[in-house]
Structure formats: structure tokens, C-alpha cells
Amino acid sequence: MYSRNILSKINEESKNVLRVQSIADNDVIHVTLYSETVERYVLKNFETLKCVLLKLQFDSIVINSLVGYRNSIEILDLISIIKRRNGGIFVQFNLHDFQCICPSFNLFGSNNRYCGLNLALCNKCFPAINLSENNRIRNILMSGASDINRWRQKWRDFLHLYCDRVMIFSNNSRELLLKVYPELENKIDIVPHDIPAIRKPKVGRHFGVNVAFLGNINNKQKGYFIVEDCLKFGLENGEVSFFVIGECPNIKFEGVTGKYNIFNLPDIIENLEIDIVIIPSIWPETFSYTTSEAIQMGVPVACFDY
């Protein structure tokens, strides 16, 4: 959604934009040129991408996310070369995740829980983290990392020497980043995502308590097992009913409504007579659209203190 919004604004300004995306499923790189027309290309390896990018002239480069690239450091090195060749180019890094701190980009430690970014434990934790039960996917998510200290030194050098602006979407993310890279303080801008105005739903008096989980709760980090525990509680307590407004593919129950349009959200809240929204995520999300949507509607929100 963030990328679509940015691209639509750029199109309105009639700028030429080259979008690069790594598609991990089939190990290819998609390149899309947005100009007067939209042209799409598929590159089979990084060396081809490197040859293409080194021949082009850029005004700016934005790193939106490198999660899923075979080797994120290769991308950083390539951008560093482009920056050195053209000192006037503006480089921005968007902190949508914490990969620049650890390949475990949700900051999940080897115990499959948020690590709290306890730096004293990193050297012990790093060799034991398991980002996927599938070895191929794990290697992609590790993105070439073999040592946490070398990984952070590479990112520190890039962000400090070659990056002009670090865009962050919440103050909590700023605090976590500065804990590892305090030298970046003067490069950080905090710009929360835009959430459109949503009308406040009206829920009348009714029997019991209706609780909604909001969003796409598709993995452990998003807290699907929290949903499981709450559903068990609901079965034992007839006065509490649970719903998922969104998707929860790991759990099958009739209270899942499916994908929603943000402007239809107040109607769904009213129809289900929702009293409170729970955000079950168990990592410090860089920005939570769902939490912000619930706050916009004036619905009470419960979430963990991350």
C-alpha cells in the first residue's frame, strides 16, 4: 500500500521511476520503468541488474526494503558505487523493518520471541536464529549474513557514509535504530504513514463483549497463536465473542470476515457490534496501519507494550 501511494504521487509529477524488486520464489529480479508508459522486465541475476544500473543516471535512490534479496550487502555496495560516481545523487533509506539491525528483521531471537534488542546477547543468539524451517527460504532471509558484527558494520558504513536521509515511521523505531547506530541521529526524519479519515462507528448497547482482531494475521510475529488462545477462552465463556476483521489463514473459524476496504471498516464494526479491537502483533512494528485505523475510528484498542 505504501509503495502504491508513492508511485501514484510520482506519476502525477511525471517523473521517470525505475522500480527494482527481488522475487524470491523464482530467484529473479523484476524491473519496472514508470514513464509515459509502464515497461516491465525480468532479470535473471544480480550481475545483469548491476550492469543496467551502472549505465543509467539517477537523481535519487530510495531503498524501500531489501528483505528477500539473495544478498542485501551486494545491493548496498552497488548503491555505494553509484553514489561515488555521482556525488549529487540523493540516497534515502526507509525503515519498514529492522533488517539493517539483524537479518531477523522482526527482531525475533533464537527463542522465537522479540529479543528486546539486548545487544549483549546478539553474538550468542545470531548463530541460533532459524528464520524458516525451509532451508532455501532461510538462506534468502539471511540475505548473505554470516556474522552479526560484520553485518552491522556494513550497514553502519552504508547508512553513515552513503545515505542522506533515513525515513522512519514511528519514534519507537528511531529509538531502536539509534541504540545500534547512534551516529545516524542527524539523518533521521520521522514521518508517520498517512491514514485517511474514517468515520466513527456507532455501536449500541448489547449483550456480552465482542472483540475483533484487525488485519492480516498470517504468521507468528503477527500473533496468530494469540488469536488461537483467545478463541479457546471464548468457547469457555459465553459472554465474550471473537472475530477477525481481515485474514487469519492459519486458523479456520466462522468469525473471519476476510479482506476489507478501509472505508468499509466502520460498517463492519457496527454490524458485528465490536466493543474493542485487539492488535495481537508480538514485535515492535515500524508502523501499524491497523492500530492507527482503530484509533481513527475511536474504537478502544488493546495491544502489547512493544
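This is a predicted model: local features need pLDDT of at least 70, side-chain atom pairs count only at pLDDT 80 or more; totals for chains, interfaces and linings use all residues.

**Note on salt bridges and cysteines**

1. The count of salt bridges comes to 10. Side chains of opposite charge can pair when their charged atoms come close.

2. One of the salt bridges joins the side chains of Glu 183 and Arg 156, with an N to O distance of 2.8 Å. Glu 183 belongs to the loop between helix H7 (171–180) and strand S7 (188–190), whereas Arg 156 belongs to helix H6 (residues 148–161), so the pair ties together parts that are 27 residues apart in sequence. Glu 183 counts as partly exposed, at 31% relative accessibility. Arg 156 is likewise partly exposed, at 23%.

3. A further salt bridge is formed by Arg 199 and Glu 270, whose closest N and O atoms are 2.9 Å apart. This pair links distant parts of the chain, 71 residues apart: Arg 199 is in the loop between S7 and strand S8 (209–216), and Glu 270 is in helix H9 (residues 265–272). Arg 199 has a relative accessibility of 40% and therefore counts as partly exposed. For Glu 270 the value is 23%, which also places that residue in the partly exposed class.

4. Glu 285 and Lys 222 make another salt bridge, and here the closest N and O atoms are 3.2 Å apart. Both residues lie in loops: Glu 285 between strand S10 (276–279) and helix H10 (289–297), and Lys 222 between S8 and helix H8 (224–236), so the pair ties together parts that are 63 residues apart in sequence. Is Glu 285 buried or exposed? At 18% relative accessibility, Glu 285 counts as buried, because buried means under 20%.

5. How many disulfides does a search of the whole structure find? The search finds 0. Cys 102 takes part in no disulfide, and the nearest cysteine sulfur, which belongs to Cys 125, is 6.7 Å away. A disulfide would require the two sulfur atoms to be within 2.5 Å. Cys 102 is buried, at 13% relative accessibility.

6. Cys 163 is also in no disulfide; the nearest cysteine sulfur is that of Cys 100, 9.9 Å away. With a relative accessibility of 1%, Cys 163 counts as buried.

Notes
Residues are numbered from 1 along each chain as its sequence is written. Side-chain values use heavy atoms; hydrogens and water are left out. A salt bridge is a side-chain nitrogen of Lys or Arg within 4 Å of a carboxyl oxygen of Asp or Glu. Helices (H or I, at least four residues) and strands (E, at least two) are DSSP runs, numbered from the N terminus. Buried means under 20% relative accessible area, exposed over 50%, partly exposed in between (1.4 Å probe, protein chains only).
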